[in-house]
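Hi there,

Here is the structure I promised to pass along. Could you load it next to this email as you read?

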Amino acid sequence: MRRLFRFVAGAIFSLSAVAAIASELTVTDGQVRVPMPGRTVTAAYFTLQNDTAAAVSLLAVQSSAFEKAELHQHTHQDGVMRMEQVAQIDIAANSSVTLQPGGLHLMLFNPVQPLLAGESVTVTLSFSNGEQLSLSMPLTEMPRR
Ligand SMILES: [Cu+2]
């Protein structure tokens, strides 16, 4: 009887460990901007939360709604706003990184379908720990300036 109890307790522990690992990398506040009329390039923003004890990197991204997706960083140089592609986005242990206008962002090129505000597109993120997250992100209008 005692042996059986130990086995059951061990099984429950394993299950909860798996559940914890699955939820340690999360993405919140995801949104994909509807491209400006006549434009074929747009950006996506979201927050990456890493609740593991190890740093992890976002290495690649793709979306079924676009031909190409890249990780980008905005930089200010001599008063001019530029952006450049980055190879990866690092998220330190137990911390978060936010992709937002004027900073890190996801650059999306050449939509392969009509994009309407209020609908959503799927974005797939691949991480250095082998984890892959497929997320549905809402399409939002560019804010007017
Ligand atoms: Cu960009």
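Below is what I found in it, going from the whole chain to single residues.

Please keep in mind that this is a predicted model.

The overall make-up comes first. Of its 145 residues, 17% count as buried. If you look at contacts with a sequence separation of 6 or more, 65% of them are between residues 24 or more positions apart.

Next, the strand pairing around β10. Strand β10 covers residues 132-140, and it pairs with β1 in the parallel sense over two bridges. In that pairing, R33 stands opposite T140 of β10. Strand β9, residues 120-127, also joins β10, here through seven bridges and with the strands running antiparallel. There, L125 is the residue opposite L133 of β10.

The turn between these two strands has some detail of its own. The hairpin of β9 and β10 has four residues between the strands, and G130 takes a positive phi near 90° in it. N129 is also found in the loop between β9 and β10.

Which value does phi of D29 take? It is near 55°, a positive value in a residue other than glycine. D29 is placed in strand β1, which spans residues 25-33. D29 counts as exposed because it has 11 C-beta neighbours inside 10 Å, and the cut-off for exposed is 12 or fewer.

N110 gives a second case: its phi is near 55°, again positive in a residue that is not glycine. N110 sits in strand β8, residues 104-111. There are 11 other C-beta atoms within 10 Å of N110, so this residue is exposed.

That is everything I have for now. I hope you enjoy looking through it!

Best wishes

Terms used
Residues are numbered from 1 along each chain as its sequence is written. This is a predicted model: local features need pLDDT of at least 70, side-chain atom pairs count only at pLDDT 80 or more; totals for chains, interfaces and linings use all residues. A residue is buried if 20 or more other C-beta atoms lie within 10 Å of its own, exposed if 12 or fewer, and partly exposed in between; C-beta atoms are placed from the backbone. Two strands pair if DSSP finds at least two bridges between them. Two residues are in contact if their C-beta atoms, placed from the backbone, lie within 7 Å.
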